[in-house]
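Dear colleague,

Please find the structure below, followed by a short account of what was found in it.

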Amino acid sequence: MNDKATLLGWVLYDASCGFCSRWVRHFERTLGNRGFEIAPLQSDWVQQKLHVSPDELLRDIRLLLANGSQVSGADAYRYLMSRIWWAYPLYMLSITPLLSRVFDWGYRVVATNRFRISSACRLSSSKNR
């Protein structure tokens with residue numbers, strides 16, 4: 001993380017998913033510059049801190065904010081996009097009434113099929129690296 005950035009929270013991802021692992025590693029510097037560290041949902045400290053069942057825990061990407069609040073799923077992406085200047089236009093589109101439904105639907109389709117996407121694109125998980 002950038003030394004000048006204050007820790008705002010953690011981006012928590014499914015390390016067993018190649019698509020998820022690739023996404024967070026690709027944006028690690030951008031996230032770090034904005035005060036976010038990344039960590040696998042499978043980390044012991046994450047499971048203890050979130051108090052969510054294992055099945056529910058791995059269902060979505062999650063943000064654990066420094067104040068203890070949590071954001072998950074499509075809203076986690078919105079939260080991050082709203083804090084990155086070049087992604088802000090996408091954030092604005094994702095909150096418009098009709099497009100917000102499309103964004104939520106698209107997120108759910110990708111999240112549900114992420115292992116198929118990983119396999120089709122031959123993306124290895126961070127556990128396999």
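In helix α5, the residues Ala74, Tyr77, Arg78 and Met81 meet Ser100, Phe103, Asp104 and Tyr107 of helix α7 (contact means heavy atoms within 4.5 Å). By class, this contact of α5 with α7 has five nonpolar, one polar and two charged residues (Ala, Val, Leu, Ile, Met, Phe, Trp, Tyr, Cys and Pro count as nonpolar, Asp, Glu, Lys and Arg as charged, and the others, Gly among them, as polar).

The model is predicted: local features need pLDDT of at least 70, side-chain atom pairs count only at pLDDT 80 or more, and totals for chains, interfaces and linings use all residues. Residues are numbered from 1 along each chain as its sequence is written, and side-chain values use heavy atoms, with hydrogens and water left out.

Arg114 lies in helix α8, residues 114-120 (helices are DSSP runs of H or I with at least four residues, numbered from the N terminus). Arg114 is buried, because its relative accessible area is 10% (buried means under 20%, with a 1.4 Å probe and protein chains only). A polar atom of the Arg114 side chain lies 2.6 Å from the backbone oxygen of Leu58. Leaving aside neighbours within four places in sequence, Arg114 is in contact with Asp14, Cys17, Phe19, Cys20, Leu58 and Arg59.

Helices α5 (residues 74-81) and α7 (residues 97-112) pack at an angle of about 115°, with their axes 9 Å apart (axes are lines fitted to C-alpha atoms over the stretch in contact, and angles run from 0 to 180 degrees between N-to-C directions).

Yours sincerely

Conventions: Helix = DSSP H or I, 4+ residues; strand = E, 2+ residues; numbered from the N terminus. Buried < 20%, exposed > 50% of the residue type's maximum accessible area, 1.4 Å probe, protein only. Polar contact = N/O pair within 3.5 Å; in protein donor to acceptor, adjacent residues only side chain to side chain.
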